[in-house]
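Please view the sequence and the structure together while reading.

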Amino acid sequence: MNTYKKFEMGDQMEYLAENLIYGIECSMDKFTKTEEELANYILQRPEEVSQFTISQIAKKLHISPATITRFFQKLAFSGFNEFRHELKRFVDAIQK
């Protein structure tokens, strides 16, 4: 399901990738149907998600911003902004 090939990265980026992408993949069986839809969207379009606001994602997926926030809190982030910041770092690193 991972949309990225195996990248040769330093330990820090491997850890980041594992927590962002693999962490979502490994948690799929614990998500509600709505959370699974959000997770699949993130896995399929990480570059897009890293640029969108929570309102844009909510509108695109027809879910509430509160649901998105709770999803990221379930993944041990404070909320969407913290996740998006880390996702953007990951996306930037793999595009170099």
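## Packing of α2 against α5

The model described here is predicted. In it, helix α2 packs against helix α5, which spans residues 65-74, at an angle of about 75° and with the two axes 10 Å apart. An angle from 65 to 115 degrees counts as roughly perpendicular, and α2 and α5 are therefore roughly perpendicular to each other.

On the α2 side, the residues that take part are T34, E35, L38, A39 and I42, and they meet T67, I68, F71, F72 and K74 of α5. Sorted by class, the contact of α2 with α5 comprises six nonpolar, two polar and two charged residues.

## Overall architecture

The protein contains six helices and zero strands. Its pattern along the sequence accordingly reads α-α-α-α-α-α.

The protein has 96 residues, of which 42% count as buried. Among contacts between residues at least 6 apart in sequence, 61% join residues at least 24 apart.

## Packing of α2 against α4

Helix α2 covers residues 33-44 and helix α4 covers residues 54-61; the pair packs at an angle of about 115°, with axes 11 Å apart. Helices α2 and α4 are therefore roughly perpendicular to each other. Their crossing is right-handed.

From α2, the contact draws on E37, L38 and Y41, while α4 supplies I57, K60 and L61. The contact of α2 with α4 has four nonpolar residues and two charged ones, with no polar residue.

## Packing of α4 against α5

Helices α4 and α5 also pack against each other, at an angle of about 110° and with their axes 9 Å apart. As a result, α4 and α5 are roughly perpendicular to each other.

In this contact, I54, I57 and A58 of α4 meet P65, I68 and T69 of α5. By class, the contact of α4 with α5 divides into five nonpolar residues, one polar residue and no charged residue.

## Glutamate E35

E35 is placed in helix α2, and E35 is among the residues of α2 that meet α5. Is this residue, E35, buried or exposed? Its relative accessible area is 10%, and buried means under 20%, so E35 is buried.

The side chain of E35 makes a polar contact with the side chain of K74, at 2.7 Å. When neighbours within four places in sequence are left aside, E35 is in contact with K30, F71 and K74. Of these contacts, F71 and K74 are also listed among the residues of α5 that meet α2.

## Isoleucine I42

I42 also lies in helix α2. With a relative accessibility of 0%, I42 counts as buried. I42 is likewise one of the α2 residues in the contact with α5.

Which residues does I42 contact, leaving aside its neighbours within four places in sequence? They are I24, V49, F71, F72 and F83.

Conventions:
Residues numbered from 1 in each chain as written. Predicted model: local features only at pLDDT ≥ 70, side-chain atom pairs only at ≥ 80, totals over all residues. Heavy atoms only, no water. Axes fitted to C-alpha atoms, helices over the stretch in contact; angles between N-to-C directions. Helix = DSSP H or I, 4+ residues; strand = E, 2+ residues; numbered from the N terminus. Parallel < 35°, antiparallel > 145°, perpendicular 65-115°, else oblique. Left-handed = near helix turned anticlockwise from the far one by under 90°. Contact = heavy atoms within 4.5 Å. Nonpolar A, V, L, I, M, F, W, Y, C, P; charged D, E, K, R; others polar. Buried < 20%, exposed > 50% of the residue type's maximum accessible area, 1.4 Å probe, protein only. Polar contact = N/O pair within 3.5 Å; in protein donor to acceptor, adjacent residues only side chain to side chain.
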